[in-house]
Structures are given as C-alpha cells and as structure tokens.
Amino acid sequence: MAMNAIFVGGSPRSGTTLLGTLLQCIPGACVTDESPFKDTVRWANFEDENQFKNAIANDHKFKHWNIAGIENIECPSEREFYQLLLTKFHGTMPSYWIDHTPANIRSYGRLKSIFPEAKFIHLVRDGRAVANSVMPLEWGANTPAAAAKQWMEDVAIGLATQVMHPEDVTMVKYETLVAKPVDTINNLFAFLGIDHRISGVEELNLDASFLPQSMRVGQHKNVGKLPNPSNANKWQTQLHDRDVAKFEHYARGLLVELGYPARPPGKRPSKISLLRGMIAEKWLSRVINPPKYRAIRGIE
C-alpha cells in the first residue's frame, strides 16, 4: 500500500492547521505537526541516508513530532523515508499524510517530485485578519506594511500555482471553511478523489494531540474546537484603523479581487509614517523577536 499526501498551504495564520485538523476525518488519514524540514533538509544534499536522517532528527521542528529511533529506518529514497516515518508516527502506514505547513504551496515542484500523486489545498484568508493574527507573535511580519507585502506574495504564488496546475491545486477560503465546514470538507473530498462524505459537524475529527502542548495553549488554542465563524471578523474590532489603512494602501487591489471589501481610499500614509514602520519592522524582526522565538521553542 502506498501513502498519498495532501499538502495544505497558504500565508501563515490563514488557518492551515485548522483545515489540516478537520481533514483527519478522511478514513486512514494521519495529520502531523508542521514539517518545514522537508524543504530545508533535502535528501540530495547528503552523501548518504544516515547523514540525512541525522539532520532530520536534529531539526527543532521535527523534535515536536516526538519520534525516537529514526536512525533505524532503512530507506533507499526520500519518498520511502517519509512513508516509513509516518508509519512509525501513526503505528501503521496511513492512507493519507495530511501536512499543513504554510510554505507547502511555495514548494509545489519539490513536493510533487517526491509525491507525484500529491494534492494541494491553497487556503486564503482576508489579509487584514492575517495581519491582525501574526503581528503580535514572535515570528513573521510585525507591521501592517510588512504583513501586506508578505500576504500578497504568498497569495500570488498560490494563485499562480493553482492556475498552472488546476488538477493538483484547489483554493479554499478560510471564511467559507468556518461558516460551512461540512460543505467545504465534502467539496474537498470530491477534489481529492476520496469516496467519502460527512453529514454533520459531529463527524469532524477535532483531535489536536498531534500539536505540542505549548502550541495548543498558545497560537493554536482554537485548534481542536469546532470552527467559529466569528473569528473571521475579529480583525474589524481588534485592528486599529490606521493599521487597516496602511495594510489596504498596499493590498487593496488583491483584497477586492478576492472578494474582500476594502474601505474607500483615504489619505495616503505619510512618508514619515511608512519610514517609522520600516524601522520598527527591522528592529522587531532582527533584535527583539529572535530571542523570544528561541526561548519559546527551547532552541539554544
């Protein structure tokens, strides 16, 4: 039996972990914590499989998987390594590996070379909600301008990948997912070619035990709960008007094209305001946040 892969991706804080969790209702599926190491630790960059496995074992994100003994996995290829790794994680080889690393869409070509049958789901969320969610964290964009530019780039790559590979990539809006989870999941089953349907939210699998405990009470505290449609609009009361204006200054066109209404254009942010934002972004991303990131994740 071969293991198929379903890769969920999108701009960080778009809900990829939520969608990955809900897809656990696919019979024989296994969802894992994020796996960015599949891009940074590449089979072709090592002289032998032992060096490759050692690099994986020492990756700080892989340590969240809490798997010991991967040095005993014998594998002639990268694909077989991941099949055996998921077997070790799941207990038996799953029918589907559901991975929700946001960068999956960016890695379409590489991932397809490893898993030729893989399908991709591009999750899109209102960029202002993404900015509201990511800016308080110790990683990612820290200012509306940086958040807008990152969101536009991520979404553009996802849309381009979908246009070029429509048989492999589909788009889902976060707002639709949380408002109509059953319909959305059933539509995804059809796209994935899975002969299974659910009739109600009680059939959704909300198990979040694949996440580290620190994440379940932190940035992923809503994972493991039924989708809450009100979360889609929190940015409207939480994001300051001046931050909304700065975000829309950059991203208005893409927001509107995706069906997210933007406010009427107002006064352009001043050059001084934009300069202050650039300085704040550099200071936070290079000085303030890196030690916070390492401390939270126990990285020395």
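**Exercise 1. Which residues make the nonpolar surface patch of about 310 Å²?**

Solution. The structure is a predicted model, in which local features need pLDDT of at least 70, side-chain atom pairs count only at pLDDT 80 or more, and totals for chains, interfaces and linings use all residues. Residues are numbered from 1 along each chain as its sequence is written, and side-chain values use heavy atoms, with hydrogens and water left out.

Step 1. The patch is made by L275, M278 and I279. Patch residues have over 30% relative accessible area and no salt bridge, and nonpolar side chains (Val, Leu, Ile, Met, Phe, Trp, Tyr) are joined within 5 Å. A salt bridge is a side-chain nitrogen of Lys or Arg within 4 Å of a carboxyl oxygen of Asp or Glu. Accessible areas come from the Shrake-Rupley method with a 1.4 Å probe.

Step 2. I279 belongs to helix α13 (residues 271-297). Helices (H or I, at least four residues) and strands (E, at least two) are DSSP runs, numbered from the N terminus.

Step 3. I279 counts as exposed because its relative accessibility is 53%. Exposed means over 50% relative accessible area, buried under 20%, and partly exposed in between.

**Exercise 2. Explain why the span of helix α4 agrees with expectation, and describe its surroundings.**

Solution. 

Step 1. Helix α4 covers residues 78-90, 13 residues, and at 1.5 Å a residue should span 18 Å. The expected span is 1.5 Å times one less than the number of residues. The end C-alpha atoms of α4 are 18 Å apart, which agrees.

Step 2. E78, R79, F81, Y82, Q83, L85 and L86 are the buried residues in α4. They pack against β2 (29-31), α2 (37-40), α3 (49-57), β3 (96-99) and α5 (108-114).

**Exercise 3. Which residues of the largest nonpolar core touch the most other members?**

Solution. 

Step 1. In this core of 31 residues, they are I6, L19, L23, I26, I121 and I185. A nonpolar core is a set of buried Ala, Val, Leu, Ile, Met, Phe, Trp, Tyr and Cys residues joined through side-chain atoms within 4.5 Å.

Step 2. Helix α9 gives the most to this core, with five residues.

Step 3. Leaving aside neighbours within four places in sequence, L23 is in contact (heavy atoms within 4.5 Å) with I6, V8, A29, I98, I121, I185 and L188.

Step 4. Another core, of 27 residues, lies apart from this one and includes F37, F52, F81 and A118.

How values were computed. Buried < 20%, exposed > 50% of the residue type's maximum accessible area, 1.4 Å probe, protein only. Patch = residues over 30% accessible without salt bridge, like charges linked within 9 Å, V, L, I, M, F, W, Y side chains within 5 Å.
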